[in-house]
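Me: Can you walk me through this structure? I'd like to go piece by piece.

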Amino acid sequence: MDIEISNPIKMQFDLQEVDDHLPSLKFAVGLITSKFGFDLNVKTGVWIECQSFDNFVKELGAGRRASLIDIENNFMLEIDFSSHRLNWSLKKNGLDGGEVMVSGQESLTVDACSAIYNSFFNYPKWW
């Protein structure tokens with residue numbers, strides 16, 4: 001995997017494709033959580049603009065609230081260092097008009113905040 005968050009939830013980002021026309025990355029995102037008698041295992045693909053990725057890492061490094069949102073607004077990862085919170089949401093729309101949505105909110109320790117920042121900061125960029 002290219003990027004991994006292991007605490008307080010497990011979220012993995014694996015690079016699948018790149019688009020040079022609109023500088024962007026397609027990640028296969030996996031999310032696994034098991035809490036409160038609820039088990040969730042999600043796998044989906046998301047396109048993220050390189051500029052959005054860079055802004056996310058910059059805001060993380062500054063210790064501010066940072067949001068990583070995909071091009072279609074179907075995926076959101078938000079880290080808020082001041083309140084020590086991680087928010088995430090995923091949704092998919094079906095061709096038949098149906099929609100599936102899942103989201104969560106987690107508390108973050110200082111160590112978890114640091115590990116998340118390092119995972120994204122150390123991701124090798126070529127753009």
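Predicted model: local features only at pLDDT ≥ 70, side-chain atom pairs only at ≥ 80, totals over all residues.

Me: OK, sheets. In what order do β1, β2, β3 and β4 sit?
Reply: They form an open antiparallel sheet in the order β1-β2-β3-β4. Strands here are DSSP runs of E, at least two residues, and helices are runs of H or I, at least four residues, numbered from the N terminus. Two strands pair if DSSP finds at least two bridges between them.

Me: Which strands stand at the edges?
Reply: β1 (3–5) and β4 (38–49). Each has a single partner strand, so one side of each is left without a neighbour in the sheet. On average, neighbouring strands are turned by 15 degrees against each other, direction ignored. Axes are lines fitted to C-alpha atoms, for helices over the stretch in contact, and angles run from 0 to 180 degrees between N-to-C directions.

Me: How many bridges hold β3 and β4 together?
Reply: Strand β3 (residues 24–35) pairs with β4 over 12 bridges, in the antiparallel sense. Lys 35 has Phe 38 in β4 as its bridge partner.

Me: And the other sheet?
Reply: That one is open too, with four antiparallel strands in the order β5-β6-β7-β8. Its edge strands are β5 (66–69) and β8 (99–107), each pairing on one side only. The twist averages 5 degrees from one strand to the next.

Me: Which pairings can I look at there?
Reply: Start with β5 and strand β6 (residues 75–80), which share four bridges and run antiparallel. Ser 67 stands opposite Glu 78 in β6. Then try strand β7 (residues 85–93), joined to β8 by nine bridges. Ser 89 faces Ser 103 in β8. The hairpin of β7 and β8 has five residues between the strands, and Gly 97 there takes a positive phi near 95 degrees.

Me: Switching to helices. How do α1 and α2 meet?
Reply: The axes of α1 and helix α2 (residues 110–121) come within 10 Å and cross at roughly 145 degrees. Phe 53, Phe 56, Val 57, Leu 60 and Gly 61 in α1 meet Tyr 117, Phe 120 and Phe 121 in α2. Contact means heavy atoms within 4.5 Å.

Me: Where does α2 lie relative to β1 and β2?
Reply: α2 lies across both, β2 being 10–19, and runs at about 170 degrees to β1.

Me: Now Leu 40. Buried or exposed?
Reply: Buried, because its relative accessibility is 15%. Buried means under 20% relative accessible area, exposed over 50%, partly exposed in between (1.4 Å probe, protein chains only). Leu 40 is in strand β4.

Me: What does Leu 40 touch?
Reply: Leu 31, Ile 32, Thr 33, Trp 88 and Val 102, not counting residues up to four places away in sequence. Leu 40 and Val 102 are 62 residues apart along the chain, with C-alpha atoms separated by 9.3 Å.

Me: Last one. How many disulfides are there?
Reply: Zero in the whole structure. A disulfide is a pair of cysteine sulfur atoms within 2.5 Å. Cys 50 is buried at 5% relative accessible area, and Cys 113 is buried at 3% relative accessibility.

Definitions and conventions: Residues numbered from 1 in each chain as written. Heavy atoms only, no water.
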